[in-house]
Amino acid sequence: MAPLLNRFVPLKNGVHDVATGSTATIEARTLALGAAGEPSTVIYWSERRGAYEVLNLAAVPSAQ
């Protein structure tokens with residue numbers, strides 16, 4: 001898979017930012033890409049039954 005927004009690589013348990021070399025770990029069983037656009041810039045996961053956490057990669061500040 002090509003990096004989302006030419007910067008983010010979704011992993012099984014987080015997201016890697018190729019611009020900064022940082023990896024954010026997300027404590028969840030499953031991450032899913034949302035259908036917010038093509039390609040999607042939203043990653044979501046179940047935090048608890050009936051509740052989801054959402055990460056909008058387009059809102060992450062640039063690596064300047």
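**Exercise 1. Surface**

Solution. The model is a predicted one, where local features need pLDDT of at least 70, side-chain atom pairs count only at pLDDT 80 or more, and totals for chains, interfaces and linings use all residues. Residues are numbered from 1 along each chain as its sequence is written, and side-chain values use heavy atoms, with hydrogens and water left out.

Step 1: 27% of the 64 residues count as buried, a term for under 20% relative accessible area, against over 50% for exposed and in between for partly exposed (1.4 Å probe, protein chains only).

**Exercise 2. Elements and overall form**

List the elements of the protein chain from the N terminus on, and state why the chain counts as being as compact as a globular protein of its length.

Solution. Step 1: there are zero helices and six strands; both are DSSP runs numbered from the N terminus, helices being H or I with at least four residues and strands E with at least two.
Step 1: the order is β-β-β-β-β-β.
Step 2: the radius of gyration is 12 Å, close to the 11 Å of the globule rule for 64 residues, so the chain is as compact as a globular protein of that length. The radius is taken over C-alpha atoms, and the rule is 2.2 Å times the number of residues to the power 0.38.
Step 3: along the principal axes, the C-alpha atoms fill a box of roughly 35 × 25 × 20 Å.

**Exercise 3. The open sheet**

Describe the open sheet of three strands.

Solution. Step 1: the strand order is 1-2-3, and the pairing is antiparallel; a pair requires at least two DSSP bridges between the strands.
Step 1: strand 1 (8-11) and strand 3 (22-25) are the edge strands, each pairing on one side only.
Step 2: strand 2 (residues 14-17) pairs with strand 3 over four bridges.
Step 3: His-16 stands opposite Thr-23 in strand 3.

**Exercise 4. Leu-57**

Is Leu-57 buried or exposed, and which residues is Leu-57 in contact with beyond its neighbours within four places in sequence?

Solution. Step 1: Leu-57 lies in the segment after strand 6 (51-56).
Step 1: Leu-57 counts as buried because its relative accessibility is 2%.
Step 2: apart from those neighbours, its contacts (heavy atoms within 4.5 Å) are Leu-4, Leu-5, Phe-8, Val-15, Thr-41 and Ile-43.
Step 3: Thr-41 is 16 residues from Leu-57 along the chain, and their C-alpha atoms are separated by 5.3 Å.
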